[in-house]
Amino acid sequence: MTAASATPATPTHPVSGALTAADGPVAAALRSALSDDRVRTTATELGLYRRDASNIEGSAGIVCFPTSTAEVRAAVRIAVDHGMPFVARGSGTGLAGGATPLGGALVITLTKMNRILSVDPVNRLAWVEPGVLNLDLTRAVAVHGLHFAPDPSSQQSCSIGGNLANNSGGPHCLADGVTSAHVLAAEVVMPDGDVVVLGSEGGETDGYDLRGAFVGSEGMCGIATRICVRLTQNPPDVRTMLFDFDTVEAGAQTVSAIIAAGMVPAALEMMDQLCVQAVEAYIHAGLPVDAAALLLVEVAGPVHGVADEVERIVAIAREHACRTVRVAQDEAERALIWKGRKTAFGAVARIKPNYYLHDTVVPRRALPDVLRQVYEIADRHGILVMNVFHAGDGNLHPLLVFDKREPGVLERVHAAGEEIVRVSVAAGGVLSGEHGIGLEKRDLMPLMFAPADLAAQAALRAAFDTTGLANPTKVLPSPSSCGDSHEVPEGAWI
Amino acid sequence: MDLTAFAAEVATDDPVTIAGLGTRGGAVAGVRCVSAPRGIEWIQADEMTVSCGAGTPVDELSAALAAVGQRAVLPAGGTVGGALAVGRSGIRRLGDGAVRDVLLQARYVGADGVVVKAGGPTVKNVSGFDVCRLLVGSHGTIGFLGDVILRTRPIAPHAAWFAAPTDDPMAVFAAVHRPVSVLWDGTHVHVLLEGHHLDVVERAMRTGLVESDGPPPLPAARHSVRPADVVRVTAGLRSGTFVAELGMGVVHAAPDAIPPTAVDPGVAAIARRVKDGFDPTGRLNPGRAA
């Protein structure tokens, strides 16, 4: 799917081979604490866990599969006792290398902790284990007329633990907020082996919002083993509309005008022409392949408000020279439209075999200008780019499409990617809207943050991880490694 | 906003406290006191964001935002900085979300007198660790807010409070679609509905709610309980002496009405390390707890 490199990574935290060997002390202790079959050390199995869905490769020393909080705690303690870094991993769908193990780290895989522990349909909350898949929770609570609001495009395969670690978003976060707004509490195995509950089901208890600080900490503050999430009532009515435009600018201006008119649609998604063409060839939904931009707008809520907003949004789109208006007539048509949006990344395989998906946020008003620059950058590097993004919150996802067998193409992809991040930040935006920093953007953090800002983030992390062994060397550039790319594995662009 | 003068006032060595309008606790007694800059920097209605000094009164901000049909999710009164530093949501949290989610970017003065930026200016951002979440509710113990960028929301076209007598408040709570607030005082539920006026009226009628003058007055103290325990916990309290926020696990009652929950020692240890990491000498709002 992405441009995996065959070159092994240079270890950043060298772990002695004696520790990670199949018959070494760590493996032996883990087998005793978990079970033989849930501790893996063969080269083939370790190879499967050397990366997440990014193109950054590391190396796993040992992979284990705990099934309880007690086992996670035992695994963390064993790792720390031996000075071995550990990395929590869910489904491995992360795109920034957050779950890539470095230097033979212990990978603690949480996919076997996948039970929904309790659902309170009246107060609308649930306790789940971290390995529960995002969409599985929504399906399980549908009977109560509820859903879990964060809905990343990977929701069929990503885990709620991973959503928590990355503070994930999704198309419907425009109206309902990102993961942080939907996580009430989490039981966490701290790097020192302590087990604490951060946050609470209700209220706003005294003390620091440690729950909030933990969400989005990319596995560097501990491992969540039980998570209390808020569930959201399904809307009585939903209308999904498609508008297409002759220019990207007209589409982007429509988005700003909708927001300025006091409406917050449930979703506001945009695709550019190349993307529409790829998706249409894939799903045959009758999308306008000659349009420069396609805008998907969904409004949800009680019927009168929805009808009123549909009318006003259609009028705004027409004012902005929208060419055609398509309102989904039934649930099947709505599902087809959303399938087009959510499978856009898969659809590009029809054009080129590899892609590199980016993630930055810019102010909505800067969208047309930044998109122009994105096209110009891709052009200059001779790379095909298509854009499918959360227009409502300015969250861009330029997709660089290429064939990695072309000599030198990866270098150009990485150079173009870094330029895209730089123009986004220069336009008043941020490094990442929902994928996180991980390794991918670690060394770009100084674009957004001064040394004092980074020191504050390091202080936050240090308050949680007193061992320095929880997914080390991610997110924060170490002062000594700034500008030194030797420590970053092959495949990262920095 | 230029925070140089504010940072110089906070300085680097001696104990220092901060106060806005004094509505949420104000300054620590007997300690040199500073105030955050006041004033709205900009309002970007089409971005749904606003930037202002932390010393800006919430009501001043609300009036300016109302002029463009928007509002910030902050409880009324006092200053923006005070509302964030205390971090308590109002009775609209069910519909609005929590105060802690409103802060997108903060620039604060740390214990070493240096201006630090946390978060970013856009409505969506996962760039690095979320220091903003630590600042909200920190009572000025890890840094003094200088200026902030907040998320705003449109003001709903129609809003109305409703009430109904009931002995089964959770049944009402379960039946209403996405209310902004549902309060229970022992004899009545009080429900705030917003949206299209026809939707508001229809939702109220379906649940047997009758339009009312507004929410009941709130008793002095605020207690946190599990949402599932609200009815059981308040069963022991006399009607009229409490107001519970259903679904939120907040009970407003007399200070001694509900025993406080003990803080877990593991959580206290993390909190101590946070304080030590951000303010090693304990000079910011000395003696105050987050």
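Colleague: Into which domains is chain B divided?

Modeller: Domain bounds come from an automatic or database domain assignment, and here chain B is divided into domain 1 (4-155) and domain 2 (158-253). This is a predicted model, in which local features need pLDDT of at least 70 and side-chain atom pairs count only at pLDDT 80 or more, while totals for chains, interfaces and linings use all residues. Residues are numbered from 1 along each chain as its sequence is written, chains are lettered from A and ligands numbered from 1 in the order in which they are written, and side-chain values use heavy atoms, with hydrogens and water left out.

Colleague: How many residues of domain 1 of chain B are in contact with domain 2 of chain B?

Modeller: Contact means heavy atoms within 4.5 Å; by that rule, 10 residues of domain 1 of chain B touch 16 residues of domain 2 of chain B. Buried area, the accessible area (1.4 Å probe) that two parts lose on being put together, summed over both, is about 970 Å² between these domains, and on the side of domain 1 B:Ile91, B:Arg92 and B:Leu94 lose the most, together 68% of what that side buries.

Colleague: Which residue forms a salt bridge with B:Arg92?

Modeller: A salt bridge is a side-chain nitrogen of Lys or Arg within 4 Å of a carboxyl oxygen of Asp or Glu, and B:Arg92 forms one with B:Glu194, the closest N and O atoms being 2.9 Å apart.

Colleague: How many salt bridges does the rule find across the interface of chain B and chain A?

Modeller: The rule finds nine, and A:Glu204 forms a salt bridge with B:Arg222. The area buried between chain B and chain A is about 6200 Å².
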